[in-house]
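Dear colleague,

Please read the notes with the structure open beside them.

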Amino acid sequence: MNAIRTLLARPWIWSFIGALIVWLAAITFTGGYGAGGMITAALSLAVFMVIVGIGQMFVITLGPGNVDLSLPANIGLASAVAMKVMDGSNSMIAVGLIAALASGMAVGAANYLLIRVLRIPPIIATLSSSFIVLSIDIAYGRGLQIKPPPAFADFTNIQILGIPILAIGGVIFAFLAGIALQRMIYGRSVLAIGQNMRAAWLAGIPVERIRFLTYTLSGALGGINGALLAGYFRGASVDIGNEYLLSSIAVVVIGGTSVAGGKANVPGIWGASLFLVLLLTMLNTFGVSAGVRLLLTGLIIVGVITAAGGQPAQR
Amino acid sequence: MSAVTSAEPAVRTGWRSPAFARMLRALLPALSLALILIAIAWLNPRAISYFGFNLMLNLAIPIALATIAQMFVITVNELDLSIGTFVGFVGCVTATWLRDAPLLGVIVLLASIGVYAALGALIHLRNLPSIVVTLGMSFVWQGLAILMLPKPGGKAPDWLQGFMSLKPPFVPFPVIAAIVIALGVHFALMRTSYGAVLRGTGGNAQAIRRAGWSILKTKVTMFALAGVFGVLSGMALVGITTSADANLGNGYTLLAIAGVILGGGEFIGGRVSPIGAVIGALTLALAASPLLTFMHIPPDWQVAANGAILIIVLAARALISRREADR
């Protein structure tokens, strides 16, 4: 009993419970048909949310106002860069991934420069830079119809015992991110800055270097995500990352990370991503129209956040 | 940050004085608008005419109204990520029910303002992050809009179309509308005593509470006002486009935030400026298309030019604020 009680006290457990309930509702509706396939598909799609969600989590943890709105444009550009560099040939996969990573890191570093040098609030800085990145993507990726190299496309679909290899990689990555957050100087510094930037600075934490690293990290993860998405969906497109603007923020917050900063939660991101993906799957199996699907998604997000409650008032 | 400011020399008179910096900061939104107007006049002198302004600024009215709605929410340190889809939803109601069954349309619009007020109460009572709640609501409004108008269509009520295409003598209608909106909201928020309480909720909620005011009431008021201006924005938009589409207002969420910040507002502390916000919205509306078309910027790069304009104006403001902080 004690074990259950300590488990229930974890903030991230609720997102997993939510995911489970949604999955049960969906397979009850189908009469048990496709229960396993649903999980396989959900795991694949959730990985993409987890990757950008973790980047967004580190940014949001930096404190109030810190958020990366450039992710969708970043993902779109990186998907185009990856496809163009790989050019459909298996031998160029690694180079293409590195190019996508570099493109993402460049966007992240540019975001930080806008915030630091020009002193623009992060929301507006990442928003304006996303406009510019979007334009670069439109001009660069015009008429781009390069298929991913076969080996890369296959890789994004490999399954081991019904578990997509991407999901396994995603779990390992989340585990490493959890260690970086809780056990490494970098993560502890991010948390300290989020709790009180001035106190962190007085304590000798290199505040600006950590912020630079965090925005670059978020950009880099967006870049990797773009390349993987292009492999999974068989090609790059300008709007491939659009849904990740809202969902990256949503999984962070539903997963138990504080939007006020200084308190982060990695496992919750996995739970929240599974929850959101399974929620969409459930509404799809119910066969509801697009309007009803959006309506219910919104109501459930508001309902979940109301039930989970906000943070206690700041001291 | 404090290390940077203390390194500046303490010259306190003339053009380096904090007072001058403050004035410059207040004037910056107007200056950037003037710069854009000069650029347009230089590139195409014929645009600076009654007809030209009517054409260029037509869409600025709904943007300005949405910006004011966002400004109310930002005043109490919250953020509304749903204003864009809300404008789209209102547009759909206006183009269907408000025309065919006016009573039902009015009831639905009033109810949606009620929803906004309830959101303010919910966010305050449960201490929820407004970003997430309004994020969820953006799906709700979009879903409702798609349910009402699965395909673009509908038709704006004739009286609304007539009102939006008014041709007053000498001064184009959008200019008059912008001035009325800016001055009206400025008076209510900046010049009345309850307006000071509302702004104080963003500046120092505890002080306002100890002075005996209800924070719940101020937050509900501000969210309800945001709803009212969202409704006005949606109606104005449909009055101009004459038909509606569920995705009509999607771009307005970020435009409205940018407009508030461009106009000198800040995300926290209740520091906002209604006149600045309207000017910010006009600047964005002008910069969005006419300027770029005149400059022969290819369509691919128009979005980038928009972002660059935002960055330049905000960077200029940051430089001025740095000097202002040097007190």
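What is the mean pLDDT of chain B, and what percentage of its residues reach 70 or more? The model is a predicted one, and for chain B the mean pLDDT is 85, with 91% of the residues at 70 or more. The part to treat with caution is residues 1–11 of chain B, where pLDDT stays under 50 and the model has five contacts beyond four places in sequence. For the complex, the predictor gives an ipTM of 0.81 and a pTM of 0.83.

Chain A

Chain A is built from 14 helices and two strands. Its radius of gyration is 20 Å, close to the 20 Å that the globule rule gives for 315 residues, so chain A is as compact as a globular protein of that length. The C-alpha trace of chain A spans about 60 × 55 × 35 Å along its principal axes, and buried residues make up 55% of the 315 residues. Among the contacts in chain A with a separation of 6 or more, 79% are between residues 24 or more positions apart.

After H5(A) comes Arg119(A), with a positive phi near 55°.

Where the chains meet

The contact between the chains takes 38 residues from chain A and 36 residues from chain B. On the side of chain A that touches chain B, helix H6 (122–140), helix H12 (244–254) and helix H14 (290–308) each supply at least two residues, and H14(A) gives the largest share, 12 residues.

The nonpolar core

The largest nonpolar core has 206 residues, of which Leu278(A), Ala64(B), Ile68(B), Val278(B) and Leu282(B) touch the most other members. Helix H3 (residues 35–61) of chain A supplies the largest share of this core, 17 residues. If residues up to four places away in sequence are left out, Ala64(B) touches Ala178(B), Ile181(B), Val278(B), Ala281(B) and Leu282(B).

Is Ala285(B) buried or exposed? Ala285(B), which is found in helix H15 (residues 274–288) of chain B, has 25 C-beta neighbours inside 10 Å and therefore counts as buried, the cut-off being 20 or more. Again leaving out residues up to four places away in sequence, Ala285(B) touches Leu57(B), Leu59(B), Ala60(B) and Ile63(B). Ala285(B) and Leu57(B) are 228 residues apart in sequence, yet their C-alpha atoms are 6.9 Å apart in space.

Two loop residues of chain B

Two asparagines of chain B may be worth a look in the viewer. Asn77(B), a residue other than glycine, has a positive phi near 65° and is placed in the loop between helix H4 (60–75) and helix H5 (83–95) of chain B. With 18 C-beta neighbours inside 10 Å, Asn77(B) counts as partly exposed. Asn127(B), also not a glycine, has a positive phi of about 55° and lies in the loop between helix H7 (102–125) and helix H8 (130–148) of chain B. Asn127(B) counts as exposed because it has 12 C-beta neighbours inside 10 Å, and the cut-off for exposed is 12 or fewer.

With kind regards

Conventions. Residues are numbered from 1 along each chain as its sequence is written. Chains are lettered from A and ligands numbered from 1 in the order in which they are written. This is a predicted model: local features need pLDDT of at least 70, side-chain atom pairs count only at pLDDT 80 or more; totals for chains, interfaces and linings use all residues. Two residues are in contact if their C-beta atoms, placed from the backbone, lie within 7 Å. Helices (H or I, at least four residues) and strands (E, at least two) are DSSP runs, numbered from the N terminus. A nonpolar core is a set of buried Ala, Val, Leu, Ile, Met, Phe, Trp, Tyr and Cys residues joined through C-beta atoms within 7 Å. pLDDT is the predictor's confidence in each residue, from 0 to 100. The radius of gyration is taken over C-alpha atoms; the globule rule is 2.2 Å times the number of residues to the power 0.38.
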